Amino acid sequence: MGGMLTLLASAAHGSGHSVFRDIVMVLAMAGLVALVAQRLRLATIPAYLLAGAIIGPGAMGIVSNPEQVQKVADIAVVLLMFGIGLHTDMDVLSRGLGRIAASAVSMIVLCIAILWPAGLLMGLNGPSALAAAMALSMSSTVVVLRVLQDQRQLHGTSGRITLAVLVIQDLAAIAMLLVLPPLAQWAGTGGGGVMEKADGPTHTGPFWTSPVVKNGVLAILGVAAIIGVGRLVMPRLLKEAARNKAGEVLTVIAMAGAMGAAALTQLLGLNEALGAFLAGFLLAVTPYRHQLGGQVGAVRDIFGAIFFTAIGMSVSLAGLVEHLPTILIGTAIILTVKSIIIGVMAWAFGTTGNTAIKIGLSLAQAGEFSIVMLYAAKADEIAMLDNVAVSDLIAMVVVSLMLTPSLIQAADAINTRIRRIGTAPWNHVSTLSDAPQTTGSGETTAEGTAEAPRKRAIIAGFGLVGRAVADEMKRMNISTTIVEMNPATVQKQMALGRRIVFGDISSPEVLETAGIEGADALILTIPDTETVMRACKLARQLHPGLFILVRLNYVSQGIAAASIGASGVVVEEMATAEAMEKIVKKVLAAPTKPHA
């Protein structure tokens with residue numbers, strides 16, 4: 001938010017032209033490099049970082065004012081963390097919670113313990129090396145989930161456990177941000193915020209009256225206020241906002257909450273990422289999370305491109321060439337250490353060896369939170385890492401991200417060439433590998449035995465038509481998921497036990513939440529033609545073999561829908577014509593009664 005205000009202020013003082021020019025150049029270069037990366041089947045985040053390095057002052061120097069661009073890009077941190085909070089679904093931890101949590105924490109601690117000495121070998125001091133190790137112990141939620149989603153592996157055993165580990169890593173990263181100020185005090189470089197040393201004479205009174213304690217209590221109260229508002233006030237506001245089916249009021253209210261929480265934590269001397277994450281995390285339990293994720297996603301992606309490109313501008317290509325051996329060795333250490341530790345700990349806590357290989361290689365990279373933490377450690381109030389160290393470390397993050405899709409594919413190739421590796425000897429049952437899974441072709445019981453295959457359908461809209469279709473599906477023993485934009489209907493049907501998702505069916509996130517990957521049919525009963533067309537086209541892209549039945553008003557619309565992927569079309573004007581024809585035949589074909 002501060003970045004946007006700065007941008008507006010600079011425009012008012014005549015410097016806005018150069019800032020907007022820089023943003024145009026950032027987006028243009030990010031888009032071009034991302035297109036090339038897409039052709040090469042590489043992730044977009046490292047492409048953005050590379051684009052920033054190309055146009056930054058360390059190379060072409062196209063961007064004239066990187067500091068202003070960075071201030072605008074800071075909004076992306078809030079959006080990124082808000083999105084991660086929204087996606088932090090505690091249900092993914094419901095099966096094997098204790099083992100997954102224990103294994104994830106063990107992974108993080110061991111990765112930090114081994115990467116810390118590696119940081120010392122790079123020339124960092126003790127606390128700075130520890131900060132770098134904490135940052136690099138994180139994996140990429142965005143890249144990993146995107147790759148697993150594209151490969152239709154997100155809902156498999158390894159995908160489910162990988163997602164759970166990423167959730168715990170995100171929670172741990174918030175705690176790590178709180179540890180940075182005392183680490184800075186240890187390093188003698190500052191501390192900032194609630195942990196900042198008092199000015200003037202050293203405090204000589206009781207410990208509980210010291211500025212550190214007072215500011216710490218203030219920070220706790222501030223976080224408690226965010227939680228209270230997020231639990232008590234925001235759901236009521238969102239419920240009222242959801243009455244507007246266009247969805248923009250819902251998004252505005254949610255973003256106001258995210259920005260407000262970020263501003264409050266920043267005011268308290270904490271990182272704004274903490275407030276944004278808390279706001280998203282608290283809204284993740286509401287029925288509006290999927291719709292919000294889809295609405296915020298587009299804005300987050302745009303600001304995310306600016307953010308990662310702005311980060312890349314701090315990387316000097318000349319410095320990369322100069323420090324290339326260090327960067328390559330550091331990247332190799334990160335990938336090796338993390339893949340081995342994460343894989344071994346997953347196996348030790350209950351997965352099969354094959355699943356452990358997949359999890360270890362999937363999470364071997366550093367991630368977007370690594371970049372956030374490195375920049376937080378570089379900030380003036382912390383100042384634990386200098387520009388050279390941050391540039392080298394970000395370069396390692398970039399290389400590891402670029403290798404992630406290849407590592408995940410390598411894990412699949414390894415598992416197809418080796419025999420099944422069982423669980424650790426002390427685990428009599430593969431508690432994290434044989435968890436019940438639901439697929440599009442069938443369902444399993446708690447014991448993992450297959451039941452008879454049951455078809456699945458998604459019904460968009462729960463008006464008169466949608467209800468009739470849902471009732472017929474129930475009689476046919478077909479599993480159904482409803483997608484509806486009326487919050488009252490969603491709340492009522494959830495109370496009745498129906499599986500129902502609040503959201504716009506033309507949103508990719510809503511479709512994926514509804515289970516488009518494993519569905520057999522999508523029935524679009526909503527009367528909004530534009531939404532039906534968008535949803536039909538998107539669903540066909542996400543699931544080429546899906547049966548899609550749409551409801552439309554006119555024959556011309558039905559022809560257009562068939563051209564973009566509809567399998568079947570029900571046209572209201574034809575249905576009306578047929579109904580009227582039957583009524584007319586029935587009435588007029590009857591014998592005429594004689595007049596009295």
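**View A. Ser506 lies in the loop between strand E3 (500–502) and helix H20 (508–514).** The model is a predicted one, in which local features need pLDDT of at least 70 and side-chain atom pairs count only at pLDDT 80 or more, while totals for chains, interfaces and linings use all residues. Residues are numbered from 1 along each chain as its sequence is written, and side-chain values use heavy atoms, with hydrogens and water left out. Helices (H or I, at least four residues) and strands (E, at least two) are DSSP runs, numbered from the N terminus. Ser506 has a relative accessibility of 13% and therefore counts as buried; buried means under 20% relative accessible area, exposed over 50%, and partly exposed in between, with a 1.4 Å probe and protein chains only. Leaving aside neighbours within four places in sequence, Ser506 is in contact with Thr531, Arg534, Ala535 and Leu538, where contact means heavy atoms within 4.5 Å. Between the C-alpha atoms of Ser506 and Cys536 there are 7.9 Å, although the two residues are 30 places apart along the chain.

**View B. Cys536 and Cys111 are two buried cysteines.** Cys536 counts as buried because its relative accessibility is 0%. For Cys111 the relative accessible area is 1%, so this residue is buried as well. A disulfide is a pair of cysteine sulfur atoms within 2.5 Å, and by this rule the count is zero disulfides.

**View C. Thr489 and Ala488 are found in helix H19 (residues 487–495).** Thr489 has a relative accessible area of 13%, so it is buried. Not counting residues up to four places away in sequence, Thr489 touches Phe462, Arg467, Glu484 and Ile500. Ala488 counts as partly exposed because its relative accessibility is 48%.

**View D. Asn477 lies in the loop between helix H18 (464–475) and strand E2 (479–484).** Its relative accessible area is 52%, so Asn477 is exposed. The phi angle of Asn477 is near 60°, a positive value in a residue other than glycine. Most residues other than glycine have a negative phi.

**View E. Helices H4 (residues 66–86) and H11 (residues 272–283) cross at roughly 35°.** Their axes come within 6 Å. Axes are lines fitted to C-alpha atoms, for helices over the stretch in contact, and angles run from 0 to 180 degrees between N-to-C directions. The crossing of H4 and H11 is right-handed: a crossing is left-handed if the near helix is turned anticlockwise from the far one by less than a right angle, and right-handed if clockwise. On the H4 side, Val77, Val78, Met81, Phe82, Ile84, Gly85 and Leu86 take part, and they meet Glu272, Ala273, Ala276, Phe277, Ala279, Gly280, Phe281 and Leu283 in H11. By class, the contact of H4 with H11 has twelve nonpolar, two polar and one charged residues. Ala, Val, Leu, Ile, Met, Phe, Trp, Tyr, Cys and Pro count as nonpolar, Asp, Glu, Lys and Arg as charged, and the others, Gly among them, as polar.

**View F. Helix H10 (residues 248–267) packs on H11 at an angle of about 145°.** The axes of H10 and H11 are 6 Å apart, and their crossing is right-handed. H10 contributes Ala254, Gly257, Ala258, Ala261, Ala262, Thr265 and Gln266 to the contact, and H11 contributes Glu272, Leu274, Gly275, Ala276, Ala279 and Leu283. The residues of the contact of H10 with H11 divide into eight nonpolar, four polar and one charged.

**View G. Val147 lies in helix H7 (residues 141–150).** Val147 is buried because its relative accessible area is 9%. Apart from neighbours within four places in sequence, Val147 is in contact with Pro405 and Ile408. Leu42 is 105 residues from Val147 in sequence, and their C-alpha atoms are 9.7 Å apart in space.

**View H. Ser128 is part of helix H6 (residues 126–136).** With a relative accessible area of 3%, Ser128 is buried. Met384 and Leu385 are in contact with Ser128 when neighbours within four places in sequence are left aside.

**View I. The protein chain has 23 helices and six strands.** Of its 596 residues, 50% count as buried. Residues 24 or more positions apart account for 71% of the contacts with a separation of 6 or more.
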